[in-house]
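The following exercises concern a structure with its sequence. Please work through each task before reading its solution.

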Amino acid sequence: MIRVAAVGDIHLGPDSRGLLRPAFETLHRQADLLLLAGDLTRHGTPEEARVVADEVAGLPVPVIAVLGNHDHHAEQPDDVTDVLRSAGVTVLEGEGTVVEVDGVRVGVAGTKGFGGGFAGRSGSEFGEPEMKAFVRHTRGLADGLRGALDGLAADGCAVRIALTHFSPVPDTLVGEPLEIYPFLGSYLLAEAVDESGADLAVHGHAHLGTEHGITSGGVRVRNVAQPVIRRAFAVYGLPVDGSPTTAASAA
Amino acid sequence: MATPPDDGTRAEAGAGPDAADSAPDAAPTGPAQSGRSAQSAQSGQPARPAQPAHPTSNTEYRIAHLGERLAGGDLAELGMRIESRGDSVHITGTASTAHDREAILRLAAEELPGIAVRADIALADVTAPDHPEDLS
């Protein structure tokens, strides 16, 4: 069993320094890795990123993150990424990373993701340049996720996890106003997950949503936004059957 | 829907009908006194860049302005659900800290003077979980 700890939307700033550290220091007893599902800061400044970095620095488990929309607000995502990486955090955008847990190769593919809506109720690349750019941004990030998951399969990972900030499914948005679903996620992310295959998809972003969901291809989805899980992090146990997951076996 | 808090976090901000009786300054204000000053000395929140030429007394728009102010200020708070309920406004969500919750209530009082604001704002729980979920 691979034990995956995950949390998103911690929104740390200087006044919340040290808030999560006591809980994170228990991670070695209950998890093999920690996933951070974006919105780690409030405004996406390097100063706020330093608070996040201090919170996770030196933990005895690998820490893997994606950025969220808040982490882009100050338009310094590269600086935020650099600060997190300097503390040993693996920050993903359209790429994957492999962690060895008791000889098992565990792959995590990550992207921030973006909005656009869900099948039958989604935006299209049509009309004004702004609208086309909106949908193309999501499509590009979803393609990056697909490529990263494919790469992890080729790399022999027995367990693969998709880590995003925006949601791949509407299931985990239940509780949010329906009107804002298109700003909370996109089916393009789920399509990438289902086509490449994964054992689990983890996201944040929807504070008023629901923890549990599933893609139409059968991949379990968990919304780990901290207001949803109501803990410092959630832990999911993933079974290992020894064979790399494929789109068919994941479903 | 945010889970209703079970830790005694129900709070009120602004002046409801009862409070208005004992707090004259919180009585309903007209359009020119909608509380949308250029800079709030109390909150330290910067004003939105474009002050509307005609400040509104319409509750629906004032709720929208509160949402914009929560998002655009120091709090960067986009996770509150703010809805009209009869003659009052209901705010639901989870705040990171008690300080943030106080700031949200203060901004609500500034933005919605004369309107009863009922808030169910829980505080984020930062304790470690006591059990995993096994996905077999």
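**Exercise 1. Determine the strand order of the open sheet and identify its edges.**

Solution. Six strands are arranged as an open sheet with mixed pairing, in the order β4(A)-β3(A)-β2(A)-β1(A)-β13(A)-β5(B). The edge strands, each pairing on one side only, are β4 (90-91) of chain A and β5 (133-134) of chain B. Here strands (E, at least two residues) and helices (H or I, at least four) are DSSP runs numbered from the N terminus, and two strands pair if DSSP finds at least two bridges between them.

The model is predicted: local features need pLDDT of at least 70, side-chain atom pairs count only at pLDDT 80 or more, and totals for chains, interfaces and linings use all residues. Residues are numbered from 1 along each chain as its sequence is written, chains are lettered from A and ligands numbered from 1 in the order in which they are written, and side-chain values use heavy atoms, leaving out hydrogens and water.

**Exercise 2. Describe the neighbours and the burial of strand β2 of chain A.**

Solution. Begin with the pairing. Strand β1 (residues 2-7) of chain A runs parallel to β2(A) and is joined to it by 4 bridges; Val7(A) is opposite Leu36(A). With strand β3 (residues 63-66) of chain A, β2(A) also forms 4 bridges in the parallel sense, and Ala37(A) has Val66(A) as its bridge partner.

Next, consider the side chains. In a regular strand they alternate between the two faces of the sheet. Leu33(A), Leu35(A) and Ala37(A) point one way, Leu34(A) and Leu36(A) the other, and all are buried. Buried means under 20% relative accessible area, exposed over 50%, and partly exposed in between (1.4 Å probe, protein chains only). Because 5 of the 5 residues of β2(A) (33-37) are buried, the strand is largely enclosed by the rest of the structure.

**Exercise 3. Characterise the packing of helices α2 and α3 of chain B.**

Solution. First, the geometry: α2(B) (residues 59-72) and α3(B) (residues 98-111) pack at an angle of about 145°, with axes 10 Å apart. Axes are lines fitted to C-alpha atoms, for helices over the stretch in contact, and angles run from 0 to 180 degrees between N-to-C directions.

Second, the residues. Contact means heavy atoms within 4.5 Å. Arg62(B), His65(B), Leu66(B), Arg69(B) and Leu70(B) of α2(B) meet Ile104(B), Leu107(B), Ala108(B), Glu110(B) and Glu111(B) of α3(B).

Third, one pair. The side chains of Glu110(B) and Arg69(B) are joined by a polar contact of 2.7 Å. Such a contact is a pair of N or O atoms within 3.5 Å; within protein, one must be able to donate a hydrogen and the other to accept it, and residues adjacent in sequence count only if both atoms are side-chain atoms. Glu110(B) counts as buried, at 12% relative accessibility.

**Exercise 4. Is Thr172(A) buried or exposed, and which side chain joins Thr172(A) in a polar contact?**

Solution. Thr172(A) is located in the loop between β9 (159-164) and α6 (187-196) of chain A. Its relative accessible area is 0%, so Thr172(A) is buried. The side chain of Ser167(A) makes a polar contact of 3.2 Å with that of Thr172(A). Beyond neighbours within four places in sequence, the contacts of Thr172(A) include His203(A), Thr210(A), His212(A) and Asn223(A).
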